[in-house]
Amino acid sequence: GHCRLLCKPSALAQHLVRSLGRSAALRGGHWLWPCWPRLQMLWQLLQPPEPEPVVARELLQLADAGLVALDWLVGPWGAAGGGGGVSSPVLLLIPNAAGKVTGGLLQLGLRALERGFIPVIFNRRGHNGCPLTTPRLQPFGDPGDLREAVTYLRCRHPSASLLAVSEGSGSGLLLAYLGESGSSSRLAAAACLSPIFRGRDWFEARMPWLYEWPLLLHLKQGLSRYAGALAEVVDMDRLLGSCSLRELEETLFCRTRSRPTSWESYWERNEPLRDADEAAVPVLCLCSADDPVRGPPARSLPRELFRSSPYFFLLLTPHGGHCGFPRRGPGRCWAHEAVLEYFRAMAEFLRTEERRKGLPRPR
């Protein structure tokens with residue numbers, strides 16, 4: 001279609017261009033209102049997945065006694081449904097920073113399940129019904145909890161490829177993890193749908209109220225459940241009275257009672273791309289030029305990163321909104337098909353390279 005792939009020339013890039021060029025996903029049906037990105041966004045966020053997924057929850061205790069929740073999608077077919085076997089690739093799904101598991105993310109998990117993946121959703125501390133056992137939540141770009149979850153998944157599925165895909169502001173966590181971990185990330189490939197690349201700029205610029213207020217209310221509702229425990233470390237009246245996502249983030253992580261810090265220092269430790277040069281895993285970032293949440297491409301897309309790094313690929317489309325990318329027909333979101341095709345192409349490329357170089361497959 002009208003998609004453009006921005007990346008540094010390489011053998012991997014050429015293979016990806018050929019694979020995506022053959023994919024029917026990028027030539028799918030057209031959205032009837034291509035110039036209404038907010039409507040596209042709401043269409044994808046509010047539409048429930050079809051069919052309704054069956055989820056099995058597992059709580060993972062972390063080193064500091066905190067908990068994160070792993071929700072395994074076992075289909076609408078039960079545990080014996082469309083999932084793969086022991087060596088099937090595990091697909092880690094990361095929701096947005098507010099912990100909202102959208103219908104679009106569940107739909108991607110179901111599509112992956114049908115194709116033999118083992119999809120699992122990563123829920124941060126206190127998000128999506130995960131109990132908060134410590135008076136501490138996960139900052140925007142702190143990958144510590146995600147690192148422990150990836151280590152657990154690798155131990156549970158030692159012979160499987162581990163892949164990850166994030167949605168919206170949740171990409172800040174995935175990008176920070178890839179940068180901090182470098183070649184030790186244990187992931188074979190990653191993808192980001194409508195990622196937020198510059199966290200501080202995003203919070204300071206603010207989003208359209210149509211998107212910010214529902215997220216703000218969703219966060220406040222979740223935090224109010226733990227008002228008693230969090231009152232030891234933050235001013236709950238100020239937190240629940242926040243009028244913007246920036247004010248809430250600053251109150252929760254900067255103006256703490258025990259270790260207050262400045263807004264500038266917070267972002268020095270939490271910017272998603274602070275260690276992007278160290279990333280050593282192929283990452284596909286699927287973005288729309290009319291994304292009303294991320295902001296104008298000129299100031300919100302780090303094009304220089306995609307031109308200089310052999311691991312970052314930007315698939316840019318003129319229309320699609322934020323995590324929308326709608327189309328007519330089954331699936332409703334062509335980006336999901338593009339991401340699954342990308343993962344298939346990465347696996348194919350790695351197998352070809354192993355045969356060419358005569359490398360043994362990792363056990």
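Reader: How much of the protein chain do buried residues make up?

Author: Buried residues make up 56% of the 363 residues in the protein chain. To be buried, a residue needs a relative accessible area under 20%, while over 50% is exposed and anything in between is partly exposed (1.4 Å probe, protein chains only). Keep in mind that this is a predicted model, where local features need pLDDT of at least 70, side-chain atom pairs count only at pLDDT 80 or more, and totals for chains, interfaces and linings use all residues. Residues are numbered from 1 along each chain as its sequence is written, and side-chain values use heavy atoms, with hydrogens and water left out.

Reader: How many helices and strands does the chain have?

Author: There are 14 helices and 9 strands. Both are DSSP runs, numbered from the N terminus: helices are H or I with at least four residues, strands are E with at least two.

Reader: What makes strand E4 largely enclosed?

Author: In E4 (residues 90–94), 5 of the 5 residues are buried, so the rest of the structure largely encloses this strand. Val90, Leu92 and Ile94 cover one side, and Leu91 and Leu93 the other.

Reader: How do you know that E4 pairs with strand E6?

Author: Two strands pair if DSSP finds at least two bridges between them. E4 and E6 (residues 162–167) have 5 bridges and run parallel, so they pass. Leu91 has Leu163 as its bridge partner in E6. E4 is also joined to strand E5 (residues 118–123) by 4 bridges, again in parallel, and there Leu91 stands opposite Pro119.

Reader: How does the chain get from E4 to E5?

Author: Through helix H3 (residues 103–114), in a right-handed β-α-β crossover. Right-handed means that, with the strands pointing away from the viewer, the path from the first strand over the helix to the second runs clockwise.

Reader: Why do the buried residues of helix H11 line one face?

Author: The residues in question are Trp263, Tyr266, Trp267 and Asn270. Seen down the axis of H11, they fall within an arc of 90°, so they line one face of the helix. That arc is taken from the directions from the helix axis to the C-beta atoms. They pack against helix H6 (199–205) and helix H10 (245–253).

Reader: Why is the pair of Phe140 and Trp267 called edge-to-face?

Author: Rings of Phe, Tyr and Trp (its six-membered ring) pair if their centres lie within 6.5 Å; planes under 30 degrees apart are stacked, over 60 edge-to-face, the rest tilted. Phe140 and Trp267 come in at 5.5 Å and 65°, so they pair, edge-to-face. Phe140 lies in the loop between E5 and helix H4 (144–156) and Trp267 in H11, so the pair ties together parts 127 residues apart in sequence.

Reader: How do you know that the charged end of Arg156 sits over the ring of Trp72?

Author: The rule asks for NZ of Lys or CZ of Arg within 6 Å of the ring centre and within 35 degrees of the ring normal. The charged end of Arg156 is 4.4 Å from the centre of the Trp72 ring and is counted as sitting over it.

Methods
Contact = heavy atoms within 4.5 Å.
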